[in-house]
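User: Please take a close look at one part of this structure, the aromatic pairs. Keep it brisk, as I am new to it.

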Amino acid sequence: MNDLPNRARSISSLRDFLELLEDAGQAITWSDAVMPEPGVRNIAVAASRDANGAPAIVFDNITGYPGKRLAVGVHGSWDNIALLLGRPKGTTIRELFFEIAGRWGDQEAQISYVPEAQAPVHECRLEQDINLYDILPVYRINEYDGGFYIGKASVASRDPLDPDNFGKQNVGIYRLQIQGPDSFTLMTIPSHDMGRQIMAAEREGVPLKIAVMLGNHPGLAVFAATPIGYEESEYSYASAMMGAPIRLTKSGNGIDILADSEIVIEAELQLGERELEGPFGEFPGSYSGVRKAPIFKVTAVSHRRDPIFENIYIGRGWTEHDTLIGLHTSAPIYAQLRQSFPEVTAVNALYQHGLTGIISVKNRMAGFAKTVALRALSTPHGVMYLKNLIMVDADVDPFDLNQVMWALSTRTRADDIIVLPNMPAVPIDPSAVIPGKGHRLIIDATSYLPPDPVGEAHLVTPPTGDEIDALSKRIREMQLGALS
Amino acid sequence: MTTTVCGRCKSSGAVTDHQGRQDGAVVWTILRCPTCNFSWRDSEPARAIDPAVRSADFAVDAGDLQRYPKILQQ
């Protein structure tokens, strides 16, 4: 496992990444016979208890699906995320955050096109008698889900009103419920790019074709879930952030897709139609309701030989959802905040997609952190998601909850909080006043500065910095060495 | 024996979408309710698919499907 950065940059597919993970002891194959329910769920949940070190699991003996393979937990631990970023196992979350934040915006995208006939994703193609329940080893992710869900699909689409614009292509992760052999519903909200495109297509009466990519380049899975601007291409972002080329090809219905994905499902929106969808065990750890959602008809399926169906366990945390999107939720908020306030030193929005966030800031004056918090609420992700914000000083590591609790204990006055009533909220937040509307909370846990008459206490200053970090790692290594 | 009664809304008439086979024998069947769109595998634990023991919290009222909101309205 020498030269991790180069190895990470050479990844072009899920298969490459699984090989890297296996070499690092971070992927295992589950070859015992397992029933789709509840066996797959039980194993996925048991693995995800270890947020730091859980391996990816590849199932190859699912009862009733002989010869089919399923992967879960590919992004299911910080160690797996570290390896994707070319860093060793054991890299701290804080280090991973700064690894990503440091890559933001300073690299060029490298996009190349592969002719369809040479693209691995098109090795096998089905255009009739399509049965998704047969092609994919599906299973019920949580026991009261309304059906069989595809939980880790990167859905690519072109803007129906500007179909030739590369930047306006959208790639996003949306939950898909299979609704019969060749149909599925897609859940989205108007503020998401896909919701915007569906509403535009229905308003104008124009077709909306999509390509659902499964088992993808692990960088895309991360960046398709990252909130970026509407006219920014997720492919370009993924390539720039990985510092590596991304190979695209065309789907049969004319959309740019990854050439090395395991499976692509081509489908078309059924204009104006809605079908009952849900419930689904969602990232806040509770079930969504039953709603009527847009439905898509499958027109073709392409896949590699012996494809791997990649899925996710999502529900009450920690789950793969949290490690998949946590850092890439935090990094854009950090970058956007620093454009206005370079005093911001780190952002931890790991919790339930940022429903709770912790921001550290160099406090310039009494109350300054509250101003920064209000700016955070107006970032693209903050508008809907940042519900509870804890503001701490720059001497507090927001990724170390023991330090955050110290700040709450010693620097917070009960009347030094702000509640902003009746703000927008994600509809699946179970604490919302009504779905889509709720209150925001800002807790100022920063130190007292003039003109506050109290002033900061005389602090004990234990040694910190690189030397202490290195000593801490060495102690851990000595401890592990004593075990081996 | 596989029932065609929906475990969620208790409507009858579920359709078979797929059967899983192992060594030539059918080991489970996936069914789908055309009324409420619940789909299930007949090998799942009873608490998820048997209307007699399934949690009422997750029932769907087949007589009042209008109550469920439609997303993305213009």
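Analyst: A:Trp30 has 29% relative accessibility, so A:Trp30 counts as partly exposed. Buried means under 20% relative accessible area, exposed over 50%, and partly exposed in between, with a 1.4 Å probe and protein chains only. A:Phe59 is buried, at 0%.

This is a predicted model: local features need pLDDT of at least 70, side-chain atom pairs count only at pLDDT 80 or more, and totals for chains, interfaces and linings use all residues. Residues are numbered from 1 along each chain as its sequence is written, chains are lettered from A and ligands numbered from 1 in the order in which they are written, and side-chain values use heavy atoms, leaving out hydrogens and water.

Over all chains, the structure holds 17 aromatic pairs. Rings of Phe, Tyr and Trp (its six-membered ring) pair if their centres lie within 6.5 Å; planes under 30 degrees apart count as stacked, over 60 as edge-to-face and the rest as tilted. The ring centres of A:Trp30 and A:Phe59 are 6.4 Å apart with planes at 45°, so this pair is tilted. The pair links distant parts of the chain, 29 residues apart: A:Trp30 lies in strand β1 (residues 27-30) of chain A and A:Phe59 in strand β2 (residues 56-59) of chain A. Strands (E, at least two residues) and helices (H or I, at least four) are DSSP runs, numbered from the N terminus.

A:Phe97 and A:Phe399 have ring centres 5.2 Å apart and planes at 45°, so they are tilted. A:Phe97 sits in helix α5 (residues 93-103) of chain A, 302 residues from A:Phe399. A:Phe97 is buried at 0%. A:Phe399 counts as buried at 13%.
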